[in-house]
Amino acid sequence: MKIGIIGGSGLDKPNILEDFHEIEVNTPYGQPSSKFQAGRIAGKEVIILSRHGRAHNLTPTGVNYKANISAMKQLEVSHIIATTAVGSLKEEIGRGDIVILDQFIDFTKHRAVTFFDNFDDGARHTQMSEPFDNYMREHLIESAKNLDMKFHSDGTVITIEGPRFSTKAESKMFRMWGADVINMSIAPECILANELGIPYAAIAMSTDYDCWKEDEQPVTFEEILKVFESNVEKVTKLLVDVIAKI
């Protein structure tokens, strides 16, 4: 068993890993976002990838998602847990809340969203009705309860292209569509993991209210970083606890 963690912000510190070392991987789709940090957590093999690069130099659209997931497959990762900052589209999802995602809406426009660019070897249509692995979701929910965290046991994320934030009209439309939170990275990452048969789950942390909420200031990147960094220890504790149980 080998667990891949995708995210990086605040999690790319070698001191959370025992037997730390780095791994560089080349893929048919190019270079992943960063070198992998490898080691052990609770006796399990773990590799960590910084989605946007160690220096956060990759835009959401500029991330090579195909290379990232392909490298995970090459490294024989058995499960992927992603971490992501999200904007809340619901009053009840507050800043710092954890959301264990169960559905996504892909509203991206310019990304490579599949490994199956042709059907030369036969038609491939991947089942995507339940894109987030329920086995890992159940363990994440159990761990969040045990750690007495404020969390939501399900949630639909809508992924937009970025790097700009939403207009008020878009934010209100996404709420009408049934999305609970919004981000710029889960699609196509989750799609590609499913295509390669790697169980994928995501820990989303709410950092803001996008711009639909009239009594709140519109989201800024500085505010996202401030809230996420002040809560990164919470995400780390949840990861360590759930990795021990998988």
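This is a predicted model: local features need pLDDT of at least 70, side-chain atom pairs count only at pLDDT 80 or more; totals for chains, interfaces and linings use all residues.
The largest nonpolar core comprises 35 residues, of which Met 72, Ile 80, Leu 101, Ile 186 and Tyr 200 touch the most other members. Contributions of at least two residues each come from the strands β3 (36-41), β4 (44-50), β5 (79-88) and β11 (200-208), and likewise from the helices α1 (65-74) and α4 (186-195). Among the contributors, α4 gives the most to this core, with 6 residues. For Leu 101, when neighbours within four places in sequence are left aside, the residues in contact are Phe 132, Arg 137, Gly 155, Val 157, Val 181, Ile 186, Ala 202 and Ala 204.

After α4 comes Gly 197, for which phi is positive, near 75 degrees.

The helix α1 is largely enclosed by the rest of the structure, because 8 of its 10 residues are buried. The buried set consists of Tyr 65, Lys 66, Ala 67, Asn 68, Ile 69, Ser 70, Ala 71 and Met 72, and these residues pack against β1 (2-7), β3, β4 and β5 as well as against α4. A positive phi, near 60 degrees, is found at Glu 76, which follows α1.

The axes of α1 and α4 come within 9 Å and cross at roughly 35 degrees, and α1 passes α4 in a right-handed crossing. On the α1 side the residues involved are Tyr 65, Lys 66 and Ile 69, which meet Pro 188, Glu 189, Leu 192 and Ala 193 in α4. Sorted by class, this contact contains 5 nonpolar and 2 charged residues, with no polar ones.

Another helix pair is formed by α2 (residues 134-146) and α5 (residues 221-245), whose axes come within 9 Å and cross at roughly 125 degrees; α2 is therefore oblique to α5. The crossing in which α2 passes α5 is right-handed. From α2 the contact draws on Tyr 135, His 139, Leu 140, Glu 142, Ser 143, Ala 144 and Asn 146, while α5 supplies Leu 238, Asp 241, Val 242 and Lys 245. By class, the contact of α2 with α5 is made up of 5 nonpolar, 3 polar and 3 charged residues.

Turning to the strand residue, Asp 19 lies in β2 (residues 18-23) and counts as exposed because its relative accessibility is 55%, the threshold for this class being over 50%. When residues up to four places away in sequence are not counted, Asp 19 touches Ala 38, Gly 39 and Arg 40.

Definitions and conventions:
Residues are numbered from 1 along each chain as its sequence is written. Side-chain values use heavy atoms; hydrogens and water are left out. A nonpolar core is a set of buried Ala, Val, Leu, Ile, Met, Phe, Trp, Tyr and Cys residues joined through side-chain atoms within 4.5 Å. Buried means under 20% relative accessible area, exposed over 50%, partly exposed in between (1.4 Å probe, protein chains only). Helices (H or I, at least four residues) and strands (E, at least two) are DSSP runs, numbered from the N terminus. Contact means heavy atoms within 4.5 Å. Axes are lines fitted to C-alpha atoms, for helices over the stretch in contact, and angles run from 0 to 180 degrees between N-to-C directions. Angles under 35 degrees count as roughly parallel, over 145 as roughly antiparallel, 65 to 115 as roughly perpendicular and the rest as oblique. A crossing is left-handed if the near helix is turned anticlockwise from the far one by less than a right angle, and right-handed if clockwise. Ala, Val, Leu, Ile, Met, Phe, Trp, Tyr, Cys and Pro count as nonpolar, Asp, Glu, Lys and Arg as charged, and the others, Gly among them, as polar.
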